[in-house]
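User: I have a model open and want to go through it with you. Can we start with how far to trust it, then move on to the details?

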Amino acid sequence: MARSKVRLSWIANDSTRRATLKKRRKGLLKKVEELSILCGVDACAVVYAPNEHQPHMWPSPPDAARILLRFRNLPQIERTRKMINQESFLHQRVSKLMEQLRRLHRENQEIEMTKLLFEGLRGRDFDDLCIEDASALTWTVETKLRMIYEKREEVSKRLAMSPPQQQAAAALTATATGTQQSLPAQPPAPPPPTGWSNPVNHGQQAVEAVQQPNWVTDVMVNWPQQDSDNLLVDLTTTWPATLFH
């Protein structure tokens with residue numbers, strides 16, 4: 001079972017207060033002893049209690065007096081550099097609480113203005129708003145619009161990038177962060193249409209056909225021997241076959 005948080009306030013009951021003093025004083029002296037043993041530092045503790053003539057101290061009165069004398073021989077700046085009294089402690093606590101209060105007030109105001117903004121989108125009239133609320137609502141609207149514009153610019157830049165640029169940016173990001181991201185696989189190139197030939201291969205075949213020897217001479221020699229019925233020459237048989245594929 002978890003222990004309940006102790007309320008730090010003066011205990012009104014006398015018997016309870018005395019019992020708490022004995023228990024807490026014993027624990028404090030034990031902590032000072034542990035600090036001195038574990039860290040190897042000179043430490044002492046002196047606790048005064050009401051209705052007691054002699055204070056309780058650790059380790060012993062001569063050792064405590066020696067440590068206190070060493071502390072008093074330090075310069076004034078060294079002694080007071082980390083010293084804090086009850087007043088300073090309370091001022092620090094009040095400053096921290098005031099800062100926390102201002103932060104919570106800002107968060108609550110942002111939540112209220114966001115709620116008013118949504119109500120205005122549903123048709124609420126803002127004639128009853130005071131100057132402070134109207135200014136805060138204006139600031140909230142401007143902030144939301146700025147966020148929307150920035151998001152739109154980011155999306156537009158991302159869409160304007162070509163796929164190679166996106167892949168390069170992704171690779172650069174992966175290299176900068178030390179991680180490797182797998183790029184999406186590129187789709188295979190579609191097959192060429194039926195009857196289509198590669199222009200590069202077609203030109204190469206034409207050059208090879210032109211370089212074949214004696215094909216022009218054979219046509220010119222055999223041309224006079226053709227009769228009038230055979231004036232139409234079958235090009236597919238006379239010309240090299242590589243020109244028609």
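User: Over which residues does pLDDT stay under 50, and how many contacts beyond four places in sequence does the model have there?
Analyst: This is a predicted model. Its pLDDT stays under 50 over residues 192–207, and the model has six contacts beyond four places in sequence for that stretch. Over residues 223–239 the pLDDT is also below 50, with seven contacts beyond near neighbours in sequence. Where pLDDT is low, the predicted coordinates should not be read in detail.

User: What does the pLDDT average for the protein?
Analyst: The average is 75, and 65% of the residues score at least 70.

User: OK, the fold. How many helices and strands?
Analyst: There are nine helices and two strands. From the N terminus on, the order is α-β-β-α-α-α-α-α-α-α-α.

User: How much of the protein is buried?
Analyst: Of its 245 residues, 9% count as buried. The protein exposes about 21,800 Å², with carbon and sulfur atoms supplying 59% of that area.

User: Let's look at threonine 140. Where does it lie, and is it buried or exposed?
Analyst: Threonine 140 lies in helix 5, residues 131–160. Its relative accessible area is 5%, so it counts as buried, the cut-off being under 20%.

User: What does threonine 140 touch, leaving out residues up to four places away?
Analyst: Threonine 140 touches Met113 and Thr114. Leucine 117 is 23 residues from threonine 140 in sequence, and their C-alpha atoms are 8.2 Å apart.

User: Switching to the strands. What's in the loop between strand 1 and strand 2?
Analyst: Tyrosine 48 is one of the residues there, between strand 1 (45–47) and strand 2 (56–58). Asparagine 51 is found in that loop too.

User: What about the phi of asparagine 51?
Analyst: Phi of asparagine 51 is near 65°, a positive value in a residue other than glycine. Most residues other than glycine have a negative phi, and most peptide bonds are trans.

User: Then which peptide bond is cis here?
Analyst: The bond from tryptophan 58 to proline 59 is cis, with omega near 5°. Proline 59 is found in the loop between strand 2 and helix 2, the latter covering residues 61–72.

User: New topic: how many disulfides?
Analyst: The count is zero. As for cysteines, cysteine 44 is partly exposed, with a relative accessible area of 24%, and cysteine 130 is partly exposed at 34%.

User: And how many salt bridges?
Analyst: The count comes to 10. One of them pairs glutamate 34 with lysine 31, with the closest N and O atoms 3.9 Å apart.

User: Which residue does glutamate 107 pair with?
Analyst: Glutamate 107 forms a salt bridge with arginine 103, the closest N and O atoms being 3.3 Å apart. The two are four residues apart in helix 4, residues 86–121, so about one helical turn separates them. Both are partly exposed, glutamate 107 at 36% and arginine 103 at 37%.

Notes. Residues numbered from 1 in each chain as written. Predicted model: local features only at pLDDT ≥ 70, side-chain atom pairs only at ≥ 80, totals over all residues. Heavy atoms only, no water. pLDDT = per-residue confidence, 0-100. Contact = heavy atoms within 4.5 Å. Disulfide = S-S within 2.5 Å. Buried < 20%, exposed > 50% of the residue type's maximum accessible area, 1.4 Å probe, protein only. Salt bridge = Lys/Arg side-chain N within 4 Å of Asp/Glu carboxyl O. Areas by Shrake-Rupley, 256 points an atom, 1.4 Å probe, with all protein chains shown as cover.
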